[in-house]
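Welcome! Please take a moment to look over the sequence and the 3D structure below, and then let us walk through them together.

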Amino acid sequence: MQTFYIIAFLSIVFSILVISAKNPVHSILYLILTFFTFTIHYILMNAQFLAIVNFIVYMGAILVLFLYTLMLINLNKESEPVKPFMVKVAAVFGGGILAVALVSSLKLLGTSAPVVLKDPNLGLVKNLGKVLFNEFLLPFEVSSVLLLSAMVGAVLLATKDKEPKATI
Amino acid sequence: MGLYKAQKALLPVTVLGLLVALGTAVMQWTEKNEAAPMYSGMMLFNNFSIAFSAISIVSTILILLLSKGYFEKISNHIAEYYAIILFSLAGIIVMVSYHNLSMMFIGIEIMSVSLYILAGIRKNDFASNEAALKYFLMGAFSTGFLLFGIALIYGSSGSFDLEGIRTYVAGNPQNIDPLFYTGILLIIVGMCFKVGAAPFHFWTPDVYEGAPSLITAYMSTVVKVAGFAAFLRLFSACFLLMADFWTPVLLVITIVTLFIGNITALYQQSFKRMMAFSSISHAGYLMFAIVAIGAASANSIFVYATAYSIASIVAFGSLILVRQHSGTDNFEGFNGLAKHNPFLAFVLTVSMLSLAGIPLTAGFIGKFYMFTGALSQYKVWLVIIAVINAIISIFYYFRVIIAMYFRSGDDAEVAIPAYYKLVFGFSALATIVIGIYPTLISALI
């Protein structure tokens, strides 16, 4: 429990730093740290697979992509739009209402029975693999169609036609 | 096919494959509807799935027949277009026959991802790019809602299986988790986006207008029908006992959809944009079956969807021809069409009458079943509002007919290729036959 509170505190601190950092590159670096604390959360909850995926995909791949995009679009101070005061007030107001709604609805909720893990070893890679290749084999296989379609489409949209065609 | 440079063989092979798929689907038909879930409860290919698979495949065949010579004008890589359309059809077959929420999600995603690409295949056209990007961003956002809803349902009921969720609802009539209600609402948001119902319709006009006409025809017929089939399957299988909770929500969505679709369609100058808003209003009529959910719902959605798909395919097919001829999407392009193209004008008139719901056409039968379903649950006011909307819709559908028959335009004849004649003839015949003899398809499921 002690570790959980330390890590939870750290993730909140880092996520505040993400939105308060002036430099966008710093902001992304803080985001990487935030995701790293999430990975530790997953390990604490005995969810090996989620931890590894979070580490590799989110921290590794997606945030590197973020960094590249930022460098490509060259975000400077001048290009940042200045928001009027009223917009800021409205944003704070809207966010506050959302927070009130969330807190009050969470107060109403108890912990429902299925949420409590019946099997603490559920998140281990071994158990996940068993479920994935027995019960959920069909969705697993069918998602290959999804990936194939996305891949064909990406190639199709990215290749250049030899001569520009007249539009219909 | 793309590997072998046999571009002429693409269309026949595709249509042949679809016919085989249609045949094998129909072979599964059982008289007593006794299919059992397959693949450890992932799919259930019962008569409902067969009927909706069949209508999706038939509509796709009709649209592909219209594609003869169409994709060649856009790009050199036509094999990929056929492949992507078939991928999205595969997703649709999954959507109409799922028995597990994970399958439903994957089906919807296969369909949507393919459509994002298809909307943007005219790479040099700004409107097409805008359509693809807009559809992609909004679609990804709505997918988030849908997935969040599924996660909340799983969190409270402990199952992805439709049977499991139904058992949970039936087993806890008093203390259903609040998260479950939130999950239902989020799923409604996600599904309403996918079928283009107001107030989640904002992407529809721009995407339908920007996408190539043939793809718009596909999106507004096959995709919409599959969305409703998935919607109905989920709600009739899982949430039927909680109908008191979500019926008012859907009732409001239906009424808003009807009014927004019909009133905005009145003000359109472009035929394609008018069809986009008319498809929003038809989504409203199709919602009737889910609002008044019951044993006959599947049947009325099937009849309505058949009538609507056939009529829309004719409308978009003639739009493609008129657009190629006169270069405009507007109603003026149809002026004087009846003088030099009586056949085209006639089939377009039949389809417009069917969309407006005039008797002796299939559209009337579809509306009749929808209204009967609503009346049987004493939703009289809903039916009155729908009738008012049907009257409004007659105005803008008749604008096309008036332009064709009573306005004069240029006298050059629009050339109709043989494939188009086949599709138009078949569709007009089907519309009238179903309109006169509805029991042909109305007692299937």
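Into which domains is chain A divided? Chain A has domain 1 (1-79) and domain 2 (121-160), with bounds that come from an automatic or database domain assignment. Before going on, a word on how to read this: the model is predicted, local features need pLDDT of at least 70, side-chain atom pairs count only at pLDDT 80 or more, and totals for chains, interfaces and linings use all residues. Residues are numbered from 1 along each chain as its sequence is written, while chains are lettered from A and ligands numbered from 1 in the order in which they are written.

Let us stay with the two domains for a moment. The C-alpha centres of domain 1 and domain 2 of chain A are 25 Å apart. Six residues of domain 1 of chain A are in contact with five residues of domain 2 of chain A, where contact means that the C-beta atoms of two residues, placed from the backbone, lie within 7 Å. On the side of domain 1 of chain A that touches domain 2 of chain A, four residues are nonpolar, two are polar and none is charged. In this grouping Ala, Val, Leu, Ile, Met, Phe, Trp, Tyr, Cys and Pro count as nonpolar, Asp, Glu, Lys and Arg as charged, and the others, Gly among them, as polar.

What is chain A built from? Its secondary structure comes to six helices and zero strands, and along the sequence the pattern reads α-α-α-α-α-α. Helices (H or I, at least four residues) and strands (E, at least two) are DSSP runs, numbered from the N terminus. Of the 168 residues of chain A, 10% count as buried. A residue is buried if 20 or more other C-beta atoms lie within 10 Å of its own, exposed if 12 or fewer, and partly exposed in between, with C-beta atoms placed from the backbone.

A:Asn46 has a positive phi of about 65° although it is not a glycine. With 14 C-beta neighbours inside 10 Å, A:Asn46 counts as partly exposed.

Now turn to where the two chains meet. Here 26 residues of chain A are in contact with 37 residues of chain B. On the chain A side, the largest share, 12 residues, comes from helix α6 (residues 137-158) of chain A. By class, that side of chain A has 17 nonpolar, five polar and four charged residues.

How do α6(A) and helix α4 (residues 101-119) of chain B cross? Their axes come within 9 Å and cross at roughly 10°, which makes α6(A) roughly parallel to α4(B). Axes are lines fitted to C-alpha atoms, for helices over the stretch in contact, and angles run from 0 to 180 degrees between N-to-C directions. Angles under 35 degrees count as roughly parallel, over 145 as roughly antiparallel, 65 to 115 as roughly perpendicular and the rest as oblique. Among the residues that meet are A:Val142, A:Leu146 and A:Gly153 in α6(A), and B:Ile106, B:Ile110 and B:Val113 in α4(B). The contact of α6(A) with α4(B) has 13 nonpolar, five polar and one charged residues.

Chain B has some details of its own. In helix α5 (residues 126-157) of chain B sits B:Thr143, whose contacts, leaving aside neighbours within four places in sequence, are B:Glu109, B:Ser112 and B:Gly190. B:Thr143 is partly exposed, with 18 other C-beta atoms within 10 Å. B:Pro199 lies in the loop between α7 (178-195) and α8 (203-210) of chain B, and the peptide bond from B:Ala198 to B:Pro199 is cis, with omega near -5°.

Finally, look at helix α12 (residues 297-326) of chain B. Its 30 residues should span 44 Å at 1.5 Å a residue, and its end C-alpha atoms are 42 Å apart, which agrees. In α12(B), 25 of the 30 residues are buried, so this helix is largely enclosed by the rest of the structure. Just after α12(B), B:Gly327 takes a positive phi of about 75°.

Conventions:
The expected span of a helix is 1.5 Å times one less than its number of residues.
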